[in-house]
Amino acid sequence: MKKRIAAIDADMVVYRAGFASEQEIKWEDDIWTLHSSEADMKVIVQDMIDYALDQTKADDYLMVFSDRRNFRYNIYPEYKSNRKDKRKPLGLKSITDWAFENHNGVRKNNLEADDVIGMLCCSNENYVAVSGDKDFGTLNCEWFNFLKAETSHTTKEEADYNHLAQAMSGDSVDGFSGAKGIGAVTAMKLLDKHGATWETVVDAYESKGQTEEDALLNARLSYILRSPKEYNEKEGEIKLWMPK
């Protein structure tokens, strides 16, 4: 029997560990400082890994990190530009480097952590995805949401549906807006009423004065890779999503 492997969204783990370790100190009436302890960050990372292994009953794990840059910036330079002014936790680079070196770190050229996890978990039944990111609902695999302590077993049909819904509604967290005025709830209502098809997505965009090209861009930005066949590791090239 193959070992059960937890593929952990390490970006989220180290980010949350960094912020969780920060402490404010008031020295005088008008002087405040913010500091964090790398030792505390390491303990938090280890605790989160232990929790993931316990909840998923995994035998082993991988800590999966994003590359510094990924293919989505090539097709949409404004990808995640809304995060430019948001402060990162203290010591993020240091704890990232430590976690990568000491906790089975994995990183693939030109990919986000989501894509690497998607390829592993959608292609191997002995892998379980671990992340608090709602986007993992677009993957046909087992997924443990450690923020909600919930495990999902998403079918391909469900994953395709969720992807089409996100292609319509966009993702404000990642900086792409989808069809104008269509949020997640409206997107699902349209798919339920008119069918979970690419035609429904295109119709939604065109009803807002947008084009099929706009729809395709958003679908590609929101699609998380599911198979190694979609990725040329040697060249770091991606087979972009295409509608059926």
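How many salt bridges does the structure hold? The structure holds 13, a salt bridge being a side-chain nitrogen of Lys or Arg within 4 Å of a carboxyl oxygen of Asp or Glu.

Before I go on, the ground rules. This is a predicted model, where local features need pLDDT of at least 70 and side-chain atom pairs count only at pLDDT 80 or more, while totals for chains, interfaces and linings use all residues. Residues are numbered from 1 along each chain as its sequence is written, and side-chain values use heavy atoms, with hydrogens and water left out.

Take K3 and D60 to begin with. Their closest N and O atoms are 3.3 Å apart. K3 sits in the segment before β1 (5-9) and D60 in strand β4 (residues 60-65), so this pair ties together parts 57 residues apart in sequence. Strands here are DSSP runs of E, at least two residues; helices are runs of H or I, at least four, and both are numbered from the N terminus.

Next, E22 and R87, with closest N and O atoms 2.9 Å apart. E22 belongs to strand β2 (residues 22-28) and R87 to the loop between α3 and α4, so parts 65 residues apart in sequence are tied together. E22 is buried, at 14% relative accessible area, whereas R87 is partly exposed at 44%. Buried means under 20%, exposed over 50%, and partly exposed in between, with a 1.4 Å probe and protein chains only.

E233 and K108 also form a salt bridge, 2.7 Å from N to O. That pair links distant parts of the chain, 125 residues apart.

Last, R72, K80, E112 and D115 are linked in a network of salt bridges.
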